[in-house]
Amino acid sequence: MSCIDDAPLGKESQYPSQYDASLLFPIARSQGRDLLGIHQVLPFSGVDNWTAYEISWLDKNGKPKVAIGYFSFPCDSPNLVESKSFKLYLNSFNLSRFDSQNDIEQLMVTDLSAICGAQVKLNLLPLDNAVHVVTPWPHESIDQQPLLTLAKEPDVNLLEVGDAQVSAKLQTHLFRSLCPVTAQPDWASIRIEYHGLEINKASLLTYLVSYRQHQGFHEQCVEQMFQDLAHVTQADSLLVGARFLRRGGLDINPVRMKGVFDVNEGRLSRQ
C-alpha cells in the first residue's frame, strides 16, 4: 500500500524534462473509507471529474501544442491519484515529442487507468474548443443562515432534522477544508440534493463550515458528507457534489450519489 508520506506533495520536486509515467502516485481510497466504515460494498455511486489547464507537448517537429484535459475517475476505483504527482506527470509531456494528439490521449488513459485501477475517461480539447460556460446552480442557498455553534471539526451530531419528508436542493459557497499534507486551504462550492427527513438549514451550514480546519482530500470530504447526511436524513435519494477551485493547474470535482441525478453541471463563477 502506498504511504502518503512517500508522495511528492509538500516536498521540493524537480520538474521532469521527458515523459515519465512513474511520476504518478496512487493513494488507496480505503485509507479514508475505512475511517468512515465503508468497506467492500459502496453506499454510493459517483465520479471524480478533474480539469487540467496546463497540458502541453511537442509535435513531431518540436512545435509546442496546448490543450485542456477533462478527466473522469470512477469512484469505485481502488486508488485515487495524488494531485502533485498528477501535475508532475502532466508536465513530463512538455518537452516530449509525439506524432499526434491521439497518441497523447491513449497514453494518458492507459497510464491513469493503470494507476487508479479502473477505466479513466479523457476529453482533450484545444483551447478554442474548451469553452467554459458559467452556470449557477438552481439551488436554494443556505449562506445567509446563522451558525449555531463554532465547531473545529465535522461532527454528524451538528446536523438536526425534523419529522417531515421533503425533497430539497441546497447549496453553499462557504466551504473550505485543508490539504491533509500541506494544510493549504481548499475552497469549494457544495451542492446537496435529497429526499428524506428535512434538514435544519442552519445546522447544515454549521456542519459544512466545521470542515474549515479539517484536513482531508477532496474526495474523502465529499464521502464523509455523504455518509453523515445519509445517516441523519435516512434519504432514499441523495447527492453531494463539490466543485473545488484549482490549485497547481488542476481542479477536482467529486460527486457521490444514491439514486438518479443529472450531474452534467456547468462551471461556477470562481472556476
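Mentor: Before we start, a polar contact here is a pair of N or O atoms within 3.5 Å; within protein, one must be able to donate a hydrogen and the other to accept it, and residues adjacent in sequence count only if both atoms are side-chain atoms. This is a predicted model, where local features need pLDDT of at least 70, side-chain atom pairs count only at pLDDT 80 or more, and totals for chains, interfaces and linings use all residues. Residues are numbered from 1 along each chain as its sequence is written, and side-chain values use heavy atoms, with hydrogens and water left out.

Trainee: Which side chain makes a polar contact with the side chain of S72?

Mentor: S72 sits in strand 3, residues 64–74 (strands are DSSP runs of E, at least two residues, numbered from the N terminus). It touches V47, D48, N49, Q119, V120 and K121, not counting residues up to four places away in sequence (contact means heavy atoms within 4.5 Å). The polar contact, at 3.3 Å, is with the side chain of N49.

Trainee: Why does S72 count as buried?

Mentor: Buried means under 20% relative accessible area, exposed over 50%, partly exposed in between (1.4 Å probe, protein chains only). S72 counts as buried because its relative accessibility is 18%.

Trainee: What caps the N-terminal end of helix 2?

Mentor: Helices are DSSP runs of H or I, at least four residues. Helix 2 covers residues 83–91, and eight of its nine residues are buried. At its N-terminal end, a side-chain oxygen lies 2.8 Å from the backbone nitrogen of K84, and the residue supplying that oxygen is E82.
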